[in-house]
Each structure stands twice: as C-alpha cells, then as structure tokens.
Amino acid sequence: MKTILITGGAQGIGRGLVEHFLSQGWNVTAVDIQEMAPGDRLETVCGDTSLEETARRAVAKTMERFGRVDALINNAGVGTSQKFKVEDLSLVEWNRVLGINLTGYFLMAKYAAPFLRQTNGTIVNIASTRALMSEPDSEAYAASKGGVVALTHALAVSLGPDVRVNCISPGWIETRENAVHSEADRLQHPAGRVGIPQDIAELADYLLSAGFVTGQNFVADGGMTKKMIYAE
Ligand SMILES: NC(=O)c1ccc[n+]([C@@H]2O[C@H](COP(=O)([O-])OP(=O)(O)OC[C@H]3O[C@@H](n4cnc5c(N)ncnc54)[C@H](O)[C@@H]3O)[C@@H](O)[C@H]2O)c1
C-alpha cells in the first residue's frame with residue numbers, strides 16, 4: 001500500500017493533507033512538534049523538523065511500520081503572525097524561521113530520498129505566494145519560502161529521473177473552523193472565495209501522479225496574485 005510522509009500534520013493545511021490521503025487509502029506518517037494520536041494506517045512522529053534527528057526518526061519509523069516511502073509532503077512551517085522591522089529582526093529569529101521553513105524541508109528530503117528512489121516517488125513542498133510578493137516586515141518568511149521554490153527545482157534536477165519534486169505556493173488558506181469572510185476578502189480573489197485545506201490537498205494529490213511534471217512551482221491562490229489593485 002502506498003505510503004506518504006506529511007510534516008506539520010497536527011493542524012491546518014497539514015491536517016487536511018493527512019485526512020485527504022488517509023481517505024484515499026494511503027498509509028500516512030504525520031510528523032509534528034505537537035503530539036498526535038496514531039491510528040489505523042496512521043503513524044505519528046513528534047519532533048522538531050528543523051532538527052536532523054527528527055527527519056532520521058520519521059523516515060526510520062515509516063520504514064519500520066509500512067516498509068516503503070512513496071511520497072513526502074514538506075508542509076511544517078511557522079507563519080507571518082510575528083512581524084519585525086528589518087532593523088529589529090534578530091539573527092536568532094531569522095535562523096529560527098529559516099531552520100523550520102527551509103532547512104527542515106531539506107532534511108526530510110535528504111533522509112527520505114534513498115527510499116523515494118526505490119519507489120519512483122514524489123516530493124511536494126509547500127511554499128507560499130510570499131515567495132513571489134511581500135508585505136512589509138516579513139523578510140525571514142519570504143526568504144524561507146523563496147528558498148523552498150529554489151530547493152524544489154534543485155532537488156528535481158538532482159533526484160530525477162527517479163524522483164519528481166514539485167512545489168505548491170498557497171495564497172490565503174483558511175484553517176479556522178467556521179470562519180466568516182467579508183465580501184471584500186472574498187472578492188479580492190478572482191475565484192470568489194478564500195481557500196481551504198482541501199484545495200491544497202487536491203493539487204498535491206494531482207502532483208503525486210503527474211508523471212511529466214517536475215521542478216515546478218504551482219500557485220494555488222484563487223487568482224489573488226493575478227489581480228491588479230489601484231488605490232482610488
Ligand atoms: N494558511 C495559509 O494561508 C498559508 C498560505 C501560504 C503558505 N502556507 C504554508 O502552509 C504550511 C501550513 O500552514 P498552516 O496555515 O496550516 O499553518 P499552521 O500553523 O496551522 O500549521 C503548521 C503546523 O506545523 C507544525 N510545526 C510548526 N513548527 C514545527 C516544527 N519546528 N517541527 C514540526 N512541526 C512544526 C505546527 O505544530 C502545525 O501543526 C506552512 O508551511 C505555511 O507557511 C500557509
């Protein structure tokens with residue numbers, strides 16, 4: 001049975017990914033810094049993905065329980081809720097964000113690669129439209145996500161033809177239950193709504209089977225980054 005490793009699986013987009021792939025019959029290993037309960041076809045690993053030990057343990061536990069790795073989705077990340085003016089952005093904070101959002105993706109890819117090669121597997125990295133455009137005071141996050149887009153094509157070239165590697169850049173994905181959005185929020189999206197985790201899961205699922213697609217970044221943002229905005 002096909003097996004997928006998903007990081008950041010405890011909540012938000014990652015939890016949506018875990019639920020989607022379980023519902024599609026996959027074995028899933030969910031990795032998160034938060035504790036999660038294991039279940040039928042669900043292995044869980046608690047750890048910080050910016051640490052090498054977590055990546056090594058996550059892959060080892062997956063092989064022990066399921067005997068194979070067919071796919072990896074790197075999703076665990078820290079967001080933009082904390083903003084720092086660039087003059088006040090400490091090196092410690094910069095390294096923390098890069099460590100989780102970028103180094104963690106590299107480490108998971110490094111330890112999963114030998115097993116992905118055996119199955120002609122696939123990696124999907126979750127970046128962000130912040131790789132392409134910015135708000136003020138988001139340097140560490142933007143740089144980490146730009147790094148994920150570049151890491152994706154580098155891995156695709158290095159691991160091909162055995163392993164395909166693609167990237168999804170989500171726009172605004174609502175991860176709260178029962179959130180209500182204003183008309184203005186909805187209409188800034190040409191698609192007419194804010195995204196949901198299932199939108200990302202469906203694209204990731206497509207990329208796992210899209211055999212001639214590798215090294216690419218796919219923006220899933222309801223068209224938001226294509227809409228021009230003029231101040232009146
Ligand atoms: N929600 C959005 O609008 C949006 C938009 C663009 C990109 N993204 C990206 O999608 C991914 C998921 O975002 P989300 O909105 O679901 O975030 P979230 O904060 O709801 O979930 C992130 C998950 O990652 C886990 N995590 C955080 N640091 C970790 C670490 N060091 N080790 C292991 N696990 C860790 C958290 O515990 C959590 O379960 C992130 O990479 C984020 O940058 C989200």
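**Before you start**

This is a predicted model, in which local features need pLDDT of at least 70 and side-chain atom pairs count only at pLDDT 80 or more, while totals for chains, interfaces and linings use all residues. Residues are numbered from 1 along each chain as its sequence is written. Helices (H or I, at least four residues) and strands (E, at least two) are DSSP runs, numbered from the N terminus.

**Stop 1: the ligand**

Select the ligand. Around it stand 24 residues, and the closest are G8, G12, I13, G77 and S128. A residue is near a molecule if its C-beta atom, placed from the backbone, lies within 6 Å of it. Now select helix α1, residues 12–23. This helix gives the largest share of the shell, three residues. Colour the shell by class: 10 residues are nonpolar, 12 polar and two charged. Here Ala, Val, Leu, Ile, Met, Phe, Trp, Tyr, Cys and Pro count as nonpolar, Asp, Glu, Lys and Arg as charged, and the others, Gly among them, as polar.

**Stop 2: α2 against α3**

Two packed helices are described by the angle between their axes and the distance between the axes. Select α2 (residues 52–66) and α3 (residues 91–119). They pack at an angle of about 30°, with their axes 8 Å apart. That makes α2 roughly parallel to α3. Axes are lines fitted to C-alpha atoms, for helices over the stretch in contact, and angles run from 0 to 180 degrees between N-to-C directions. Angles under 35 degrees count as roughly parallel, over 145 as roughly antiparallel, 65 to 115 as roughly perpendicular and the rest as oblique.

Show E52, A55, R56, V59 and M63 of α2; they meet L107, M108, K110, Y111, A112 and F115 of α3. Contact means C-beta atoms, placed from the backbone, within 7 Å. The contact of α2 with α3 holds eight nonpolar, no polar and three charged residues.

**Stop 3: α3 against α4**

Among the contact residues are W94, L98 and F106 of α3, and Y141, V148 and L155 of α4. By class, the contact of α3 with α4 divides into 15 nonpolar, three polar and two charged residues.

Follow the chain on from α4. P161 sits in the loop between α4 and β6 (164–170). The peptide bond from G160 to P161 is cis, with omega near 0°.

**Stop 4: A201**

Go to helix α6, residues 197–209, and pick A201. A201 is buried, with 23 other C-beta atoms within 10 Å. Buried takes 20 or more such atoms, exposed 12 or fewer, and partly exposed lies in between, with C-beta atoms placed from the backbone. Not counting residues up to four places away in sequence, A201 touches G16, L17 and H20.

**Stop 5: two loop residues**

Select R41, in the loop between β2 (27–32) and β3 (42–46). Phi of R41 is positive, near 60°, in a residue other than glycine. R41 is partly exposed, with 16 other C-beta atoms within 10 Å.

Finish at N178, in the loop between β6 and α5 (183–187). N178 is not a glycine, yet has a positive phi of about 55°. With 5 C-beta neighbours inside 10 Å, N178 counts as exposed.

Note on methods: Contact = placed C-beta atoms within 7 Å.
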